[in-house]
Amino acid sequence: MTKKIINLTGRSNWETIAFLIINKITDGNQIVFYRKNLMSNIDLAINFSHILGHKKNPEHSEETLQKTIQNLRDKGYIEFLGNGKYKLSEYGYNKMLEEVNSVKDLLGYPLDSGSANMAASNGVI
């Protein structure tokens with residue numbers, strides 16, 4: 001069986017990668033995460049990048065992921081709370097779910113069906 005590769009034309013693969021890692025470290029149902037947890041899962045970025053169509057390993061994956069987090073902050077998807085702590089905005093949480101759902105079949109990456117209920121109880125949606 002041939003592995004299907006997705007082409008995210010018009011979208012940033014790194015934003016998708018960041019959302020996939022955030023979803024993974026928060027179990028898809030929390031809105032607060034820490035930079036150290038994000039960076040300790042940098043190996044996932046390399047794995048995800050291959051699935052999303054990158055032909056070679058990212059050379060500076062930590063720096064690229066950090067810049068992507070800054071871009072997500074600038075777009076209003078996440079808020080920086082200080083001391084390496086971040087929070088997904090409602091818009092960011094919904095975007096994360098959208099990104100994860102768009103590639104979950106390729107990754108064999110199930111989305112917790114209780115995510116929306118947990119988010120609602122946390123005041124996200």
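Predicted model: local features only at pLDDT ≥ 70, side-chain atom pairs only at ≥ 80, totals over all residues.
Q: Which residues of helix 1 and helix 3 make the contact?
A: Helix 1 contributes Trp14, Ile17, Leu20, Ile21 and Lys24, while helix 3 contributes Leu44, Ala45, Phe48 and Ser49. Sorted by class, the contact of helix 1 with helix 3 comprises 7 nonpolar residues, 1 polar residue and 1 charged residue.

Q: At what angle do the axes of helix 1 and helix 3 cross?
A: The two axes come within 10 Å and cross at roughly 130°. An angle counts as roughly perpendicular from 65 to 115 degrees and as roughly antiparallel over 145, with the range between these classed as oblique. Helix 1 and helix 3 are therefore oblique to each other.

Q: Where do these helices stand in the order of elements in the protein?
A: The protein has 6 helices and 3 strands. Read from the N terminus, its elements follow the order α-β-α-α-α-β-β-α-α.

Q: How many residues has the largest nonpolar core, and which have the most contacts inside it?
A: The largest nonpolar core contains 28 residues, and those with the most contacts inside it are Ile21, Leu65, Ile69, Ile78, Leu88 and Met96. At least two core residues come from each of helix 1 (13–25), helix 2 (35–40), helix 3 (42–51), helix 4 (61–74), strand 3 (85–88) and helix 5 (90–107). Helix 1 gives the most, with 7 residues.

Q: Which residues does Ile21 touch?
A: Setting aside residues up to four places away in sequence, Ile21 touches Leu38, Asn41, Leu44, Ala45, Phe48 and Leu65. Of these partners, Leu44, Ala45 and Phe48 also belong to the helix 3 side of the contact with helix 1.

Q: Is Gln66 buried or exposed?
A: Burial is judged by relative accessible area, with a limit of under 20%. Gln66, which lies in helix 4, has a relative accessible area of 15% and is therefore buried. Gln66 touches Arg35, Met39 and Tyr86, leaving out residues up to four places away in sequence.

Q: What share of the protein is buried, and what share of the contacts with a separation of 6 or more joins residues 24 or more positions apart?
A: Of the 125 residues, 42% are buried. Among contacts with a separation of 6 or more, 66% are between residues 24 or more positions apart.

Terms used: Residues numbered from 1 in each chain as written. Heavy atoms only, no water. Core = buried A, V, L, I, M, F, W, Y, C linked by side-chain atoms within 4.5 Å. Buried < 20%, exposed > 50% of the residue type's maximum accessible area, 1.4 Å probe, protein only. Helix = DSSP H or I, 4+ residues; strand = E, 2+ residues; numbered from the N terminus. Contact = heavy atoms within 4.5 Å. Axes fitted to C-alpha atoms, helices over the stretch in contact; angles between N-to-C directions. Parallel < 35°, antiparallel > 145°, perpendicular 65-115°, else oblique. Nonpolar A, V, L, I, M, F, W, Y, C, P; charged D, E, K, R; others polar.
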